[in-house]
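Me: Hi! I have a structure open and would like to talk it through with you. Could we begin with the terms and then look around?

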Amino acid sequence: MTVHLLKLSVGSESFDDMIGYQTRRLTEARRAGRMEVLTHHTRMMPRRRPQVLGGGSIYWVVKGVILCRNPVTDLVPLVDEEGRRFCQIRYGPALVRVDPRPCRIFQGWRYLEPTNAPRDLEPGEIDE
């Protein structure tokens with residue numbers, strides 16, 4: 001069964017901010033000759049990794065509201081120069097608006113069961 005991740009987008013003010021940030025990151029990677037992939041680093045590898053990779057998304061909380069999502073493409077275990085382990089969450093560039101839902105602030109990430117995930121908004125649907 002699929003499971004999603006829920007993560008705060010610190011510093012974002014809106015959906016447009018999210019698009020701008022992700023576009024800038026992809027452009028910077030292209031110019032630097034790096035792999036054009038969106039990533040987020042976190043300390044802990046999800047224990048439910050197979051379920052996240054089985055169609056899960058990373059849902060973004062912007063200013064206390066679940067606002068959008070990106071499909072998760074991979075969860076890569078890495079080790080930094082100082083020997084600390086972390087997880088690189090890789091996600092696709094398709095940023096999908098979802099039905100806005102209030103969400104309390106938290107640290108790190110949380111699992112989000114599909115039954116609790118907000119529905120995707122249709123193109124042109126108002127999301128105020």
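Reply: Happy to! A nonpolar core is a set of buried Ala, Val, Leu, Ile, Met, Phe, Trp, Tyr and Cys residues joined through side-chain atoms within 4.5 Å. Buried means under 20% relative accessible area, exposed means over 50%, and partly exposed lies in between (1.4 Å probe, protein chains only). This is a predicted model, where local features need pLDDT of at least 70 and side-chain atom pairs count only at pLDDT 80 or more, while totals for chains, interfaces and linings use all residues. Residues are numbered from 1 along each chain as its sequence is written, and side-chain values use heavy atoms, with hydrogens and water left out.

Me: Thanks! Which residues touch the most other members of the largest nonpolar core?

Reply: Those are Leu-5, Ile-58, Trp-60, Cys-68, Leu-75 and Ile-89, in a core of 19 residues. Helix H1 (15-32) and strands E3 (57-62), E4 (65-79) and E5 (85-91) are the elements that give two or more residues to this core. E4 supplies the largest share, four residues.

Me: And what is Leu-75 in contact with, beyond its neighbours within four places in sequence?

Reply: Taking contact as heavy atoms within 4.5 Å, the partners of Leu-75 include Leu-5, Met-45, Pro-46, Val-52 and Ile-89. Arg-49 and Gln-88 are also among them.

Me: What about a second core?

Reply: A separate one has 10 residues, among them Tyr-59, Val-98, Cys-103 and Leu-112. In soluble globular proteins, nonpolar side chains tend to be buried together.

Me: Zooming out, how many helices and strands are there?

Reply: Two helices and seven strands, counted as DSSP runs numbered from the N terminus (helices: H or I, at least four residues; strands: E, at least two). Along the sequence the pattern reads β-α-β-α-β-β-β-β-β. The radius of gyration is 15 Å, close to the 14 Å from the globule rule for 128 residues, so the protein is as compact as a globular protein of that length. That radius is taken over C-alpha atoms, and the rule is 2.2 Å times the number of residues to the power 0.38.

Me: How much of the protein is buried?

Reply: Buried residues make up 39% of the 128.

Me: New topic: where does Gly-11 sit, and is Gly-11 buried or exposed?

Reply: Gly-11 lies in the loop between strand E1 (4-8) and H1. Gly-11 is exposed, at 65% relative accessible area. The C-alpha atoms of Gly-11 and His-40 are separated by 14 Å, with the two residues 29 apart along the chain.
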